[in-house]
Amino acid sequence: MSGRLGEILLRESRISLQQLQLALEHQRSHGGKLGEALVNLGFLTHEHVTEALAAQYGIPSVKLSEFPVDPAVVKLIPMEMATKHHVLPLVRTGSSLTLAISDPSNVFALDDVKFLTGLHIEPVLASETEIDQAIKNHYGTAEDVARKKEIDELVSFLDEGTAESVELDEDEEGTLNLADLERAAEEAPVIRLVNYILMDAVKRGASDIHLEPYEKDYRVRYRIDGLLQSVMNPPLKLRDAIISRIKIMARLDIAEKRLPQDGRIMLKLMHQGKRKQLDLRVSVLPTLHGEKIVMRLLDKENLRLDMTKLGFEPESLEKFQKAIFKPYGMVLVTGPTGSGKTNTLYSSIAQLNKEDTNIMTAEDPVEFQLPGINQVQMKEQIGLNFAAALRSFLRQDPNIILVGEIRDFETAEIAIKAALTGHLVLSTLHTNDAPSTISRLMNMGIEPFLVATSVHLICAQRLVRRICSDCKIPDPASPQVLIDAGFTPEEARTAMPYKGKGCNTCGGRGYKGRVGLYEVMEITDEIRDLILVGASALELKRKAIEQGMITLRRSGLIKVKSGMTTLEEVIRETVL
């Protein structure tokens, strides 16, 4: 068969005769298939080999990353069989099953699937790497399967309503002690399930836990490195028991099921041999099929206060630090929710936190408690909002004021006046990039001359997933793809993107942790003049780039070039 594959590739001018001979020598010395040898030597991509094999065997080929796979059909064969034979069931039509397979000559695989399902098998070709990735996506890793089995065993004997009668013991600090919870779990199995969800989220490095009720099922998802992943589906009958348990832990009203509620859980636990305290923000929202709960995990150990490790390019970091060390003026950090703005601001005030400096913060919520900083929690229900807090701050002799978010004209006006009267003001806004922040402030009703004179610097940011260092491999892309992404033709000829192939360290995802992309726009005299004459965000952006601003896309491409993240991540989070 190898000869025939080689003939097809030569006939289609995919490879040269010399490349075929080198690949055959590689195959003889290293074993494996000819297609693998051609890919390993860099002569072809997996897609080219799959197309040639499809022609060789006379069956269609599919690109699994673009093919909608039916989850119900995947369940027709177990993960062990799919992994052993490198196959994946795709679609069932009557008594026929379309099966993606990497080696159509493997009659044992086809017979095994046919015997197990009792269906007629129609094979289609897909590359082995694509099938392996699809198996991870649809079945999870071996670790996920073991975890699911453990959860199934745990929930199999849970009864409805067990959490309602639980009494919580509190220690002297008013925090829930995990050891006490584990002892109580012997009496109330649902508590064990909730504890398991919390501990599992900590182990996996999740930032949020979502518990979502639907008409026919109950879903638990974790947000890991910015993306949501389904982890389990507890029986629907446990919904009320789980919700009640979490409400008790967060000191919420378990009888109130019609209104949203917010609470907080403090846990002490042992993780990796270390005692740590975990703060969870709990939000309960009534939905069509019951109450949805989202818990945000706030772990002090994940807070990076060293600005040099956040992902700033050296020139951007220099501009940012120059602005925050000015005695007055405004520095704005912008980006969507979950883009790391709070971390950047905390890193800034950690640098500025000296004994001779009075730092006041107005936050909603106060995510992390920092020693030496006067932090104020907003309470809208009693009238303590950002504007009210800012007014009080100005009577507290502050040097530096941090405002969690500028949401309205009143807050913006007071913050700008504070910046103009000898205070350094740090705050955030929700805008797409740095230049559009100027337009946003003026749309709020702030006069251009106030914006031009008060704002010293604007930093827009995003978070992208970092390639796992344990399974990082080259991921060649054509020069045209790189140019379309924003690389210059010269860079496109030499740049080598990387990706993670998936390993135990990263749970098969190819990514581990996140890194920031930063667009830092310094308000220079030329940009001030443009603001005063009402220039558009596009004009401001052109001038800033002309003066050396690194855009979000450019910041991402620099990190692609250095092997820190993938091209897909940068394209997903930024625009040209």
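How many residues does the hairpin that joins β9 to β10 run through? Two. That is one stop on a short tour of this structure, which is a predicted model.

1. Start with β9 (residues 274–287), which pairs with β10 in the antiparallel sense through nine bridges. If you want a spot to check by eye, look at L280, whose bridge partner in β10 is L297. Then turn to β5 (residues 208–213): this strand also pairs with β10 (residues 290–298), again in the antiparallel sense, over four bridges. Here the pair to look for is H210, which stands opposite V294 in β10. As background, strands of a sheet pair through backbone hydrogen bonds, either parallel or antiparallel.

2. **A three-stranded sheet.** Further up the chain you'll find an open sheet of three strands in the order β1-β2-β3, with mixed pairing. The edges are β1 (87–93) and β3 (120–125), each of which pairs on one side only. On average, neighbouring strands in this sheet are turned by 30° against each other, ignoring direction. Strand β2 (residues 96–101) runs parallel to β3, and six bridges join the two.

3. **Two helices side by side.** Have a look at α13 (residues 314–324) and α14 (residues 341–352). They pack at an angle of about 60°, their axes 11 Å apart. Angles from 65 to 115 degrees would count as roughly perpendicular and those under 35 as roughly parallel, so α13 and α14 are oblique to each other. The crossing in which α13 passes α14 is right-handed. On the α13 side the contact is made by F320, Q321 and I324, and on the α14 side by T344, S348, Q351 and L352.

4. Which are they, buried or exposed? Both R204 and D200 are buried. Another bridge links R239 with D240, with the closest N and O atoms 3.2 Å apart. D240 has a relative accessible area of 31%, so this residue is partly exposed.

5. **A salt bridge between loops.** R407 and D364 meet through their side chains in a salt bridge of 3.6 Å, N to O. R407 is in the loop between β14 (400–403) and α16 (409–420), while D364 is in the loop between β12 (359–363) and β13 (374–377), so this pair ties together parts 43 residues apart in sequence. Both ends count as partly exposed: R407 has 38% relative accessibility, and D364 has 35%. There is also a network, in which salt bridges with shared partners join E212, R219, R221 and K292.

6. P365 is placed in the loop between β12 and β13.

7. **Positive phi values.** With a relative accessible area of 14%, D225 falls under the 20% cut-off, so D225 counts as buried. R251 isn't a glycine either, and has a positive phi of about 55°. You'll find R251 in the loop between α12 (239–249) and β8 (261–271). At 45% relative accessibility, R251 counts as partly exposed.

Notes
Residues numbered from 1 in each chain as written. Predicted model: local features only at pLDDT ≥ 70, side-chain atom pairs only at ≥ 80, totals over all residues. Heavy atoms only, no water. Pairing = 2+ DSSP bridges. Axes fitted to C-alpha atoms, helices over the stretch in contact; angles between N-to-C directions. Buried < 20%, exposed > 50% of the residue type's maximum accessible area, 1.4 Å probe, protein only. Salt bridge = Lys/Arg side-chain N within 4 Å of Asp/Glu carboxyl O. Parallel < 35°, antiparallel > 145°, perpendicular 65-115°, else oblique. Left-handed = near helix turned anticlockwise from the far one by under 90°. Contact = heavy atoms within 4.5 Å.
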